[in-house]
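Subject: Structure handover and notes

Dear colleague,

I am passing on the structure we spoke about, so that you can look through it yourself before reading my notes.

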Amino acid sequence: MTLQLLRTVTTDVLDPLVSGLTRAGGGIHSGYARYGGRMRQLVDSVGDADARRFDTFPGEWSIGQFSPSYLVPRTADAPYRLVANGNDRARIADLLTYERARIEDVPSIVRCHVLATDEGYRGLPGATGPHLPPDRGLANFVLRSLGPRKLPYWKELVADESKTLFVARTPDGGVVGFVHPEFNDDGSGYLNAWYVLPEWHDLKVGSRLMRSALDYLGPVDIQLHVAVSTKAENIYRGYGFEEIDGLIPTPPPLAEYGLTVLLQGYIRPAAAYEP
Ligand SMILES: CC(C)(COP(=O)(O)OP(=O)(O)OC[C@H]1O[C@@H](n2cnc3c(N)ncnc32)[C@H](O)[C@@H]1OP(=O)(O)O)[C@@H](O)C(=O)NCCC(=O)NCCS
């Protein structure tokens, strides 16, 4: 079993990686370019006053600071090293591990959060379009508000041993998705966040993270809030979450950027739990 896994890792993952690395400007770099493209576009569209200070990715950028440029994958950036092309991503998905987050994962957690939100909210009112004033819209919201606001939050949460945030980890240590289940004071559960990097969608990464969260919470009622009319809303229904009465109006941080994002509450009854 172990030998088989080793062989799979060697032939399926490391070989393409090595051959990619030895081809000057080859697959590895186009992998970065494809993925980094959307992040780069976002950063370019909102600008980044600090960009020049962070021209070279430090590898261990300070998790106490936020700059949109931090979030553009660089060649020193682990999650992308193994992804020479789209086909490899599907194969690597089988090799991901699902485990508790470490403090050094925080930059990748922020990146997953920002990019998955960008993708999930793109069709919502006021989100994108050439008509937007330069300081409004989705790109500005995710990079100017969501990312910087949540960075200290994720950092504190991951550092707190009494809390649990699960990540999906590539064999070389990168993070491509995360989920944050937590317990309310009354012992019921709450699903606070569930995000997968867009390029890793539809490969069952989200499904495995959800399994980790449901197992962690066990047989309790689980609540969540999700933006109405997003793909995630449908997916939650598939996991047995049922609508709770009443919509929550657009939260102020989103409204400030011109977005209309109504939130719907859901509950998954304890009886739906299957070990
Ligand atoms: C929601 C999200 C985490 C799912 O991640 P993913 O890796 O693409 O999901 P998977 O491929 O594992 O699919 C998850 C499940 O949804 C099902 N599914 C996929 N697309 C679906 C769709 N359009 N409608 C309904 N169900 C769907 C899959 O069959 C799978 O079910 P299973 O566990 O029974 O097999 C991801 O799409 C995401 O990051 N979205 C944006 C962020 C977001 O809105 N998060 C929730 C806010 S709290």
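A residue is called buried here if 20 or more other C-beta atoms lie within 10 Å of its own, exposed if 12 or fewer do, and partly exposed in between, with the C-beta atoms placed from the backbone. By that criterion, buried residues make up 36% of the 275 residues in the protein. Please keep in mind throughout that this is a predicted model.

Overall architecture

The protein has eight helices and seven strands. Among the contacts between residues at least 6 apart in sequence, 71% join residues that are at least 24 apart.

The core

The largest nonpolar core contains 55 residues, and those with the most contacts inside it are Cys-112 and Phe-178. At least two residues of this core come from each of helix 2 (27-46), helix 4, helix 5 (138-159), strand 2, strand 3, strand 4, helix 6 and strand 5, and it is helix 5 that gives the most, with nine residues.

Leaving aside neighbours within four places in sequence, Cys-112 is in contact with Val-175, Val-176, Gly-177 and Phe-178, and also with Tyr-195, Val-196 and Leu-197. Tyr-195, which is placed in strand 4, counts as buried, because it has 23 C-beta neighbours inside 10 Å. Again not counting residues up to four places away in sequence, Tyr-195 touches Cys-112, His-113, Ala-116, Gly-177 and Phe-178. The C-alpha atoms of Tyr-195 and Arg-111 are separated by 9.9 Å, although the two residues are 84 apart along the chain.

Helix 4 is mostly covered, with 15 of its 15 residues buried. Its end C-alpha atoms are 21 Å apart, which agrees with the 21 Å that its 15 residues should span at 1.5 Å a residue.

Val-43, in helix 2, is buried, because 20 other C-beta atoms lie within 10 Å of its own; Val-43 and Pro-68 are 25 residues apart in sequence, and their C-alpha atoms are 6.0 Å apart in space. Leu-96 lies in the loop between helix 3 (86-93) and strand 1, and Leu-96 is likewise buried, with 22 other C-beta atoms within 10 Å. Leu-96 and Arg-169, 73 residues apart in sequence, have C-alpha atoms 5.2 Å apart, and the residues that Leu-96 touches, beyond those up to four places away in sequence, are Ala-168, Arg-169, Thr-170 and Val-205.

Helix 6 has 13 residues and reaches 19 Å from its first C-alpha to its last, close to the 18 Å expected at 1.5 Å a residue. Its buried residues are Gly-206, Leu-209, Met-210, Ala-213, Leu-214 and Leu-217. Seen down the axis of helix 6, these buried residues fall within an arc of 135°, so they line one face of the helix. An α-helix has 3.6 residues a turn, so residues three or four places apart point the same way. The buried residues of helix 6 pack against strand 1 (97-100), strand 2 (166-169), strand 3 (175-183), strand 4 and strand 5 (222-227). Just after helix 6, Gly-218 takes a positive phi of about 75°.

The loop between strand 4 and helix 6 holds both Asp-202 and Lys-204. Asp-202 has a positive phi of about 65° although it is not a glycine, and Lys-204, also not a glycine, has a positive phi of about 75°. Lys-204, with 17 C-beta neighbours inside 10 Å, counts as partly exposed.

The ligand site

The ligand is surrounded by 21 residues, of which the closest are Gly-120, His-201, Gly-206, Ser-207 and Ala-232. Helix 4 (106-120), strand 4 (189-196), helix 6 (205-217) and helix 7 (231-238) each supply at least two residues of this shell, and the largest share, five residues, comes from helix 7. By class, the shell has ten nonpolar, seven polar and four charged residues.

With best wishes

Note on methods. Residues are numbered from 1 along each chain as its sequence is written. This is a predicted model: local features need pLDDT of at least 70, side-chain atom pairs count only at pLDDT 80 or more; totals for chains, interfaces and linings use all residues. A residue is near a molecule or strand if its C-beta atom, placed from the backbone, lies within 6 Å of it. Helices (H or I, at least four residues) and strands (E, at least two) are DSSP runs, numbered from the N terminus. Ala, Val, Leu, Ile, Met, Phe, Trp, Tyr, Cys and Pro count as nonpolar, Asp, Glu, Lys and Arg as charged, and the others, Gly among them, as polar. The expected span of a helix is 1.5 Å times one less than its number of residues. The arc is that of the directions from the helix axis to the C-beta atoms. Two residues are in contact if their C-beta atoms, placed from the backbone, lie within 7 Å. A nonpolar core is a set of buried Ala, Val, Leu, Ile, Met, Phe, Trp, Tyr and Cys residues joined through C-beta atoms within 7 Å.
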